[in-house]
Amino acid sequence: MLANGIGQKALYKLDIANIDYRLPVPGAVIKEGKLHMNVIFPGLQLQYRQPSSTWQHYVKPVTASGTIEVRSVSPLGQRFSRTIKVEME
């Protein structure tokens, strides 16, 4: 419940107040050819991209191969987490 409040309300208010904060890096794994992602705070948007492509919004597991970059996005879309690379198992 606390994590939900932070992800749904508090980070949005921090964005509006223009207060700097760090976003958590999402968890990600490529299992059976599909990218699976999650994040500690519900409500944060997740994004991924394959080499030489643009950032895509993550909604559900997607087909992936090779190395994928992932990040989380602030509620207003103005701030991003650190980017990490995920490779197939």
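Predicted model: local features only at pLDDT ≥ 70, side-chain atom pairs only at ≥ 80, totals over all residues.
1. Local features need pLDDT of at least 70 and side-chain atom pairs 80 or more, while totals for chains, interfaces and linings use all residues. Residues are numbered from 1 along each chain as its sequence is written, and side-chain values use heavy atoms, without hydrogens and water.

2. Strand 1 (residues 27–31) pairs with strand 2 in the antiparallel sense over five bridges; strands are DSSP runs of E, at least two residues, numbered from the N terminus, and pairing needs at least two DSSP bridges. The two form a hairpin with two residues between them, and glutamate 32 in the turn has a positive phi of about 55°. Isoleucine 30 stands opposite leucine 35.

3. Strand 2 also pairs with strand 5 (residues 62–63), antiparallel, over two bridges. Lysine 34 has threonine 63 as its bridge partner there.

4. In strand 2, Leu35 and Met37 point to one face and are buried (under 20% relative accessible area; exposed is over 50%, partly exposed in between; 1.4 Å probe, protein chains only).

5. Leucine 76 lies in the loop between strand 6 (67–73) and strand 7 (84–87). Leucine 76 counts as partly exposed because its relative accessibility is 37%.

Notes. Helix = DSSP H or I, 4+ residues; strand = E, 2+ residues; numbered from the N terminus.
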